[in-house]
Amino acid sequence: MEITNVSEYEAIAKQKLPKMVYDYYASGAEDQWTLAENRNAFAKILFRPRILIDVSHIDMTTTVLGFKISMPIMIAPTAMQKMAHPEGEYATARAASAAGTIMTLSSWATSSVEEVASTGPGVRFFQLYVYKDRHVVAQLVRRAERAGFKAIALTVDTPRLGRREADIKNRFTLPPFLTLKNFEGLDLGKMDEAADSGLASYVAGQIDRSLSWKDVQWLQTITKLPILVKGVLTAEDARLAVQAGAAGIIVSNHGARQLDYVPSTIMALEEVVKAAQGRIPVFLDGGVRRGTDVFKALALGASGIFIGRPVVFSLAAEGEGGVRKVLQMLREEFELTMALSGCRSLKEITRDHIVTEWDTPRPRHLPRL
């Protein structure tokens with residue numbers, strides 16, 4: 001069967017993967033309301049396309065933190081990719097590089113920063129969890145810097161792991177033949193079997209619940225790399241991120257895996273964008289499955305988007321080729337959406353190109369009789 005859209009990869013991944021692994025990638029927290037909402041909320045935004053504009057040439061290129069990329073579609077950090085495919089993060093890194101875009105490597109990757117760097121050139125960011133042992137954190141950041149990573153995406157929504165009931169039922173743990181490669185030499189690379197979720201136990205033991213804004217400033221004292229704060233959902237925290245010296249914000253609800261009943265990221269986006277006041281770029285992570293979704297995010301003020309689950313599902317289905325195809329399909333759909341909306345470059349995508357349920361009705365200019 002020919003795959004014609006990104007979402008079709010999920011069913012193939014479900015067939016191919018062990019239940020424990022598929023459930024780990026696919027599930028959200030508790031009732032999974034936010035998981036569904038991350039997708040459904042895009043349907044509440046409609047287009048106001050402009051016609052009779054010469055769209056024979058469309059430029060999707062952009063710059064992120066000074067790095068030129070081919071399109072505003074980037075790869076979010078997703079953990080333990082070798083559970084999906086033997087090549088794991090290597091395959092994802094090569095696919096991102098071939099597409100001319102950015103890959104974010106998870107702290108909990110099954111390939112190390114050095115291994116991913118060895119795949120060849122490419123702009124890569126490193127997602128960071130802050131461990132209780134700050135020496136571990138400092139060491140990891142230095143290794144990412146040395147390996148040529150260009151930014152740190154600091155995850156700030158996980159002082160504790162969200163309650164993911166599928167992982168509890170499955171007694172989720174990292175398969176014995178894999179390790180969290182970045183921590184292998186520190187005796188932190190293995191996950192013990194637990195009475196519930198092995199990952200939840202690992203987080204409870206290792207991740208620092210006391211993480212606060214002062215740590216965002218501490219991080220800037222140990223690295224020159226720009227810091228993206230990942231996990232902001234409110235205007236208040238957007239303003240604090242700017243004050244703390246963040247280089248950018250990623251609006252994220254952790255793929256709906258942390259606190260259930262937070263809004264979808266596309267619904268939280270505009271509030272955060274307005275609060276940032278153009279001082280730092282704001283990105284969207286969560287729920288993107290179509291080129292139309294990318295356009296809607298940019299129309300609401302995002303500088304770019306990140307995709308997570310589409311990467312692991314396509315990786316499970318077809319390895320590197322699958323990830324390449326996901327990036328290509330999203331690129332082509334986004335280009336078509338731009339053309340049909342009358343936009344030739346990203347700067348031409350405006351708030352007037354969309355209408356949302358929460359917009360005030362536009363004044364109707366009635367014809368004079």
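What volume does the largest pocket have? The largest pocket has a volume of about 440 Å³. The legends below refer to a predicted model.

Figure 1. The pocket is lined by 26 residues. Those that lie nearest its centre are V156, D157, T158, P159 and G231. The largest share, 3 residues, comes from β8.

Figure 2. The view is centred on V156, D157, T158, P159 and G231, the residues that lie nearest the centre of the pocket.

**Figure 3. The largest cavity and the residues around its centre.** The count of cavities of 30 Å³ or more comes to 1. About 390 Å³ of space lies in the largest cavity. Its lining is made up of 27 residues, with P77, T78, H254, G255 and R257 nearest the centre.

**Figure 4. Elements and residue classes in the lining of the largest cavity.** At least two lining residues are supplied by each of α2 (19–26), β11 (304–307) and α13 (309–341). Helix α13 accounts for the largest share, with 3 residues. By class, the lining of the largest cavity comprises 12 nonpolar, 9 polar and 6 charged residues.

**Figure 5. Packing geometry of helices α12 and α13.** Two packed helices are described by the angle between their axes and the distance between the axes. Helix α12 (residues 291–299) packs against α13 at an angle of about 60 degrees, and the two axes are 7 Å apart. Because of this angle, α12 is oblique to α13. The crossing in which α12 passes α13 is right-handed.

**Figure 6. Residues at the contact of α12 with α13.** From α12, the residues G291, T292, V294, F295 and L298 take part in the contact. They meet L330, E333, F334, T337, M338 and S341 in α13. The residues of this contact divide into 6 nonpolar, 4 polar and 1 charged. Helix α13, which meets α12 here, also contributes to the lining of the largest cavity.

Key
Residues numbered from 1 in each chain as written. Predicted model: local features only at pLDDT ≥ 70, side-chain atom pairs only at ≥ 80, totals over all residues. Heavy atoms only, no water. 1 Å grid on protein atoms, 1.4 Å probe; cavity = no way out; pocket = protein on both sides within 12 Å on 5 of 7 lines; lining within 4 Å. Points joined across faces, edges and corners; volume = space filled by probe spheres on them. Helix = DSSP H or I, 4+ residues; strand = E, 2+ residues; numbered from the N terminus. Nonpolar A, V, L, I, M, F, W, Y, C, P; charged D, E, K, R; others polar. Axes fitted to C-alpha atoms, helices over the stretch in contact; angles between N-to-C directions. Parallel < 35°, antiparallel > 145°, perpendicular 65-115°, else oblique. Left-handed = near helix turned anticlockwise from the far one by under 90°. Contact = heavy atoms within 4.5 Å.
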